[in-house]
Amino acid sequence: MIEAPVSKDQAAAEPLVRIRGVTKRFGSFTANDNIDLDLFAGENHALLGENGAGKSTLVKMIYGLIAPTEGTILWRGAAVALKNPEEARALGIGMVFQHFSLFDNLTVAENVALSLPRTESLKTVPDRISDIASRYGFALEPDRPVWTLSAGQRQRIEIVRCLLQDPHLLILDEPTSVLTPQEAEALFGVLDRLRGEGRALLYISHKLDEVKRICDRATVLRHGKVVATCNPREESARSLAALMVGSQVKDVKAAADRTYGGERIRVDGLNLPAGDMHGVSLQSISMSVRGGEVLGVAGIAGNGQSELFAALSGEAAARDANAIRFDGGAVGADGVTQRRRRNAAFVPEERNGHAAAPDFSLSENVVLSRHAESGVTRSGFVDYGRAQNLAGSIISSYDVRKAGPDPAARTLSGGNLQKFVVGREILREPGVLIIDQPTWGVDAAAAAAIRQAILDLAARGAAVVVISQDLDELFEISDRIAVIHMGRLSEAKPAGAVTREEIGLLMAGTASGDARAH
Amino acid sequence: MRIDLEPRAGRSRIAEWVAPVGALIAAMLIGGLLVAALGKSPVQAFFVYFVDPLTEAWSLQELAVKATPLVMIAVGLSFCFRANLWNIGAEGQFIIGGAMGGWIALLTHDGVGQSVLGSWWIVPAMLAFGAFCGLLYALIPALLRVWLGVSEILTSLMLVYIAQLFLDYMVRGPWRDPKGFNFPVTVNFDPVATLPMLAPGGRLHAGVALALIVALAAALVMARSLFGYEVRLVGSAPRAARFAGFSESKLTLAVFAISGALAGLAGICEVAGQIGQLQPSISPGYGFTAIIVAFLGRLSPIGILVAGLVLALTYIGGESAQVTMKLPFYLTGAFQGLLLMCVLAADVFTRYRLVIQTGRRA
């Protein structure tokens, strides 16, 4: 284990939070194993680890959401047993969650007021919001309804909620996962000020460049154990990644010289009205993808990605059949099954409940997207033997780790289920693949395997559209990148000829001269 | 103190089948308390309800006859419930099936219309028309849901009362037997318009065999066919079902059609096999009791066969308890309701673990 580089004045100071030998077990599963961790006032401490490494479990214990099985948490030197988040907040611990708990139809001030004691008058809330906003240098209009705000603005509401309690420790769970590079930059400014005021920050992330830039110390978790505490500025992104996954991460390799075939996906002026009030309507989307080509679609969450996926997969059919063509055939008005029969395959963002039925076994989940194939069903009856064979070949080709011969999909870890779902589609050798967030919440090794599988499929002549919010991923595997913003898709540019800044501006909607951008 | 339900990590196959048995025992214990509260012996009631009917040949036959409509209806309902669609109106579809199937018996009464074809077609036509009318009647709530988003729970339930009043009106008015001394009943069906018996002198009519065939066929469809897969998928993960390319609207219509047809078939079997004429009431609530049968049988056709017999037992036991112990017949209904609550509760406990957190934490 690498020793913690604590600075001299820190060594002298009493840590704000001292965690000693904390273990958390869920049944037979040990989520946190004998964790030691010190947090000092005035430091930005990163908690690094892959999905499932135990980061969330640890911070939930610090925030009083769950109780440790063993070990102690000391606050300013005194052992505390937090029964609930209220007690944690009373001590001065605040937390900004990855998923916001905001009411879309209420205003900013109303949402903030909901987290305040009942004695607080709603009239004073807008002023307090403006105070905090000006002190930390960000803009937040108290009277705006939340549903009109971007993710970055919503996050500021959550931060304001915490700051109103004047916390000594602020926990941030993957705060930049929904932000544009520019919004993240603004957040870092706020975090610097908070640290300058002597507050401690516990910053959960798996984005290594970010951690290297803004964090003073980093604790790395792997399989529920602390494997290292280090100064992230002195480490390379590669060495941090190796600490996180415990082995060198394989680089994804694209074929040296890519040759493109004919056009396989063509979308022409696709319009699709929003399904509900808070949905995004797609407006004159156009794209063209050739065989052998990967088109990346970047964008901040909630800008029409799921709508675009639904339109391309056929879950939401367009009125104009000619708006979407696969291999020259008009499929715009077709349903999912008909599009699959044209040798197209789809992988949606959500594994559990969308790509796969959690309570169904893996072999039953094979039937889900492949029932239209001859062999899987015969005259209305399912050949479960054949489905089991297919599941077996997916499992061995994609190294899906599982317990038992044919377990329910929900028993698989995120990465393994994603490999299964991706494998189910790619083993069909589709000519067209549409994939939404291929490696969302997946560990680094599985992510590399999935990206490689996508590149290999393209190399065999398929046209691939990858929708992702992970810019690193898109730059790694795309030939061309387009950006979706408020339901409009920008022109695709060659990945080698476009910078992250340009993409970032397009994601924020400022580069296009869009009048509606805020 | 806080009470939480934590999802269980794994669900064992054994627990899935132990749960309904445990629910049955729990319902019996609570029912025993009710009996004790009425000032009667719970032990005697247990024997009258659940043991005595199993000891005699005639009551065993009666059991099969009573279980027949319950099984047929519940098998149909299991398709709806599996898909998370709530057809609460099987009672109405049962009555419409019985009434409309019975209408053919009335039309052909005394040899009418049999000069050319003879009479062999009458029973099949009654069965087919009864099932068809039950199907159409069940499509009303299904179409309202698909077109207008109306809750199928309310519409299917309310259509029960319309069906009851329709039958009541018909047997008091247009269909009344003119020679029936003003009783609100139709003529007795001709022998050619009643279901044949499986064995001479017994009480088992052809409907009993039909119920068995229906359950076995449904088991095959549910477990092996793509349609059965579709039903299970829509109920288990609706978004995944859309991704699979299945249409929720078509499935809604299909499962309502199946359950309506089977309820209608049960209705005409009851009328043509059991009652032999139409009267203001042709069901002691089979359509509602079948909901309990469906859940007690874990929505599986084979489980439903067993559960149908259990619930039929409560009907027969209830009748004899009324005679021998002077227990009110409503007690049977109360017990059936109790059983449903226990089954649903047991179902929750197979999926979740009850965690009671006191102020102090470990």
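Start in chain A: select strand 3 and strand 8 (residues 200-205), which pair in the parallel sense over five bridges. Two strands pair here if DSSP finds at least two bridges between them. Helices (H or I, at least four residues) and strands (E, at least two) are DSSP runs, numbered from the N terminus.

This is a predicted model: local features need pLDDT of at least 70, side-chain atom pairs count only at pLDDT 80 or more, and totals for chains, interfaces and linings use all residues. Residues are numbered from 1 along each chain as its sequence is written, chains are lettered from A and ligands numbered from 1 in the order in which they are written, and side-chain values use heavy atoms, with hydrogens and water left out.

**Strand 3, chain A**

Pick Asn44(A). Its bridge partner in strand 8 of chain A is Leu201(A).

Show the side chains of strand 3 (residues 44-48) of chain A. Five of its five residues are buried (under 20% relative accessible area; exposed is over 50%, partly exposed in between; 1.4 Å probe, protein chains only). Asn44(A), Ala46(A) and Leu48(A) point one way, His45(A) and Leu47(A) the other.

**The whole sheet**

Zoom out. The open sheet has six strands in the order 6-7-8-3-9-10 (chain A), with mixed pairing. Strand 6 (93-96) and strand 10 (225-230) of chain A each have a single partner strand, so one side of each is left without a neighbour in the sheet. Neighbouring strands are turned by 20° against each other on average, direction ignored.

Next, select helix 2 (residues 55-62) of chain A. This helix packs on the sheet, touching strands 3, 6, 7 (169-173), 8 and 9 of chain A. Its direction makes about 155° with that of strand 8 of chain A. Angles run from 0 to 180 degrees between N-to-C directions, and axes are lines fitted to C-alpha atoms, for helices over the stretch in contact.

Then take helix 7 (residues 181-196) of chain A. It lies across strand 3, strand 7 and strand 8 of chain A, at about 145° to strand 8 of chain A.

**Over to chain B**

Select helix 5 (residues 122-148) and helix 6 (residues 152-172) of chain B. Their axes come within 9 Å and cross at roughly 150°. Helix 5 of chain B and helix 6 of chain B are therefore roughly antiparallel (over 145 degrees).

Display the contact (heavy atoms within 4.5 Å). Helix 5 of chain B brings Tyr137(B), Ile140(B), Pro141(B), Leu144(B) and Arg145(B). Among their counterparts in helix 6 of chain B are Leu159(B) and Ile162(B).

Terms used. Angles under 35 degrees count as roughly parallel, over 145 as roughly antiparallel, 65 to 115 as roughly perpendicular and the rest as oblique.
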